[in-house]
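Reader: I have a chain open on my screen. Can you walk me through the fold?

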Amino acid sequence: MLLDRSIQTIEKNKKKEVNENENGNENSSVTNEDLNLEALFQEGMDSYTAAGVEPPVLFPESDPGYLENFYPGIGSVVLEQIYVAMAPVTNAPMEIALVEVKEASDVEVIRNIFQQRIDDRANDSAYPEESAVWKNNGIVTTRDNYVFMAVMTDDYGIPEVFILD
């Protein structure tokens, strides 16, 4: 389930194009110039509220050593920005990772790191129900120097704002 994007302006430096969709509702088309990843995350969470759904509980995580445990190799890439939010329970299949790399050549490196995270969790036989969610709902999307990974249960779906491809 993809949620409609919220209609709010998140940051002055984030450009949006507003388009009318078939139902007459406005949706934002995010461009990448000076994109604030924390603000983008909040826009995704706000889209749940706009759809009448209580947003999932996700905690931001910024400790590089901690993140290296979940995304091995991420510390070797020069990042402009990173915003990661995880469920309070380690094995819960709800996680969002948003990254802007400094060098375009590192987009594929981060994409592979995020895909490995999804694959590892999808193949974890100790938690078959959670593994199925990672396998069926985990995505990695890229555009320019941005790489996003998201996994959410069917109850929530992934907000459209995180789907860059």
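Reader: Start with a detail. What stands opposite M149 in β8?
Author: A97 does. Before going on: this is a predicted model, where local features need pLDDT of at least 70, side-chain atom pairs count only at pLDDT 80 or more, and totals for chains, interfaces and linings use all residues. Residues are numbered from 1 along each chain as its sequence is written, and side-chain values use heavy atoms, with hydrogens and water left out.

Reader: How do β6 and β8 pair, and over how many bridges?
Author: In the antiparallel sense, over 6 bridges. Two strands pair if DSSP finds at least two bridges between them.

Reader: And β5 with β6, over how many bridges?
Author: Strand β5 (79-86) and strand β6 (95-101) are antiparallel, with 7 bridges. L79 has V101 as its bridge partner, and A85 has I96.

Reader: What is the strand order in the open sheet?
Author: It has 5 strands, ordered β4-β5-β6-β8-β7, with antiparallel pairing. The edges are β4 (59-61) and β7 (139-143), each pairing on one side only. The twist averages 15° from one strand to the next. Angles run from 0 to 180 degrees between N-to-C directions, and axes are lines fitted to C-alpha atoms, for helices over the stretch in contact.

Reader: Is β6 buried or exposed?
Author: Buried, meaning under 20% relative accessible area; exposed is over 50%, and partly exposed lies in between (1.4 Å probe, protein chains only). 7 of the 7 residues of β6 are buried, so the strand is largely enclosed by the rest of the structure. E95, A97, V99 and V101 are on one side, with I96, L98 and E100 on the other.

Reader: Step back. How many helices and strands are in the chain?
Author: 4 helices and 9 strands. These are DSSP runs numbered from the N terminus: helices are H or I with at least four residues, strands are E with at least two. Of the 165 residues in the chain, 44% are buried.

Reader: Cores next. Which residues have the most contacts inside the largest nonpolar core?
Author: F41, L58, I96, L98, F148, M152 and F162, in a core of 23 residues. A nonpolar core is a set of buried Ala, Val, Leu, Ile, Met, Phe, Trp, Tyr and Cys residues joined through side-chain atoms within 4.5 Å. α1 (37-50), β5, β6 and β8 each give two or more residues to this core. α1 gives the most, with 5. A second, separate core has 22 residues, including F70, Y71, V77 and V107.

Reader: What does M152 touch?
Author: Its contacts (heavy atoms within 4.5 Å) include Y48, P56, L58, P93 and V133, not counting residues up to four places away in sequence.

Reader: On to α3. Which of its residues are buried?
Author: V107, I110, I113, F114, R117, I118, R121 and A122. Their cover includes α2 (64-70), β5, β6, α4, β7 and β8.

Reader: Where do α3 and α4 meet?
Author: R117, I118, R121 and A122 in α3 meet S131, W134 and K135 in α4. The two axes come within 7 Å and cross at roughly 145°.

Reader: What does α4 lie across?
Author: Helix α4 (128-137) lies across β6, β7 and β8 (146-151), at about 140° to β8.
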